[in-house]
Amino acid sequence: MTPRDLDVAEQAVCAAGAELIARFRHPLHDIRTKSSYAEDVASEADEAAERAARAVIAQHRPQDVIVGEELGGDAPTDRRYWSLDPLDGTVYFIRGLDAWSVSLALFDQGKNIVSAVYDVLGDEL
C-alpha cells in the first residue's frame, strides 16, 4: 500500500529528528557560516538530518523533487516538490538549547498541500 503524502512527511521529519537527537549536545566538528550573517550557520548535523529525510522521501516518492536548505535543489513551478529545513534553529541546536525542530512542506504547482514540523525534544509532531 502506498503511504499518504502526510505519512511520508511524518516519516521524513522523524528520520531527520533521529539523526539530530543522536548529535544533540555532542561536539560538532563542521560548523560553518552560510552567508555574511553570523547567525546563519550549518553543521554536519544539518546535513545528516537532510540526508535522512531525503532518503525517506526518495523511497516513497522517487519522482518528486526535493529542495533542501543544506543540500540544495531548485523548486520547479510546474510539479511537486518537497521543501525541507532539516534543522530549523541551528544556532539553538549548536548552543545546546531546546528551541529547534525539523520542517518540511510539499508543494504541487506552487500550492502547499502537506506540511510537517517535528519538535524533536518535545516529541511533538
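Residues count from 1 along each chain as its sequence is written, and side-chain values rest on heavy atoms, with hydrogens and water left out. As the model is predicted, local features need pLDDT of at least 70 and side-chain atom pairs pLDDT 80 or more, while totals for chains, interfaces and linings use all residues.

Start by selecting residues 44-60, helix α2 (helices are DSSP runs of H or I, at least four residues; strands are runs of E, at least two; both are numbered from the N terminus). Now show Ser43: one of its side-chain oxygens comes within 3.1 Å of the backbone nitrogen of Ala45, at the start of α2. Ala45 is buried, and so are others in α2, including Asp46, Glu50, Arg54 and Ile57 (buried: under 20% relative accessible area, 1.4 Å probe, protein chains only).

Next, pick residues 80-88, strand β4, where seven of the nine residues are buried. What runs parallel to β4? Strand β3, residues 65-68, joined to β4 by four bridges (strands pair if DSSP finds at least two bridges between them). Zoom in on Val65, opposite Tyr81 of β4.

Finish with β6, residues 111-118, antiparallel to β5 over seven bridges. Ala105 faces Ser115 in β6. Two residues lie between the strands of this hairpin, and Gln109 takes a positive phi near 50°.

Technical notes: The expected span of a helix is 1.5 Å times one less than its number of residues. Buried means under 20% relative accessible area, exposed over 50%, partly exposed in between (1.4 Å probe, protein chains only). A polar contact is a pair of N or O atoms within 3.5 Å; within protein, one must be able to donate a hydrogen and the other to accept it, and residues adjacent in sequence count only if both atoms are side-chain atoms.
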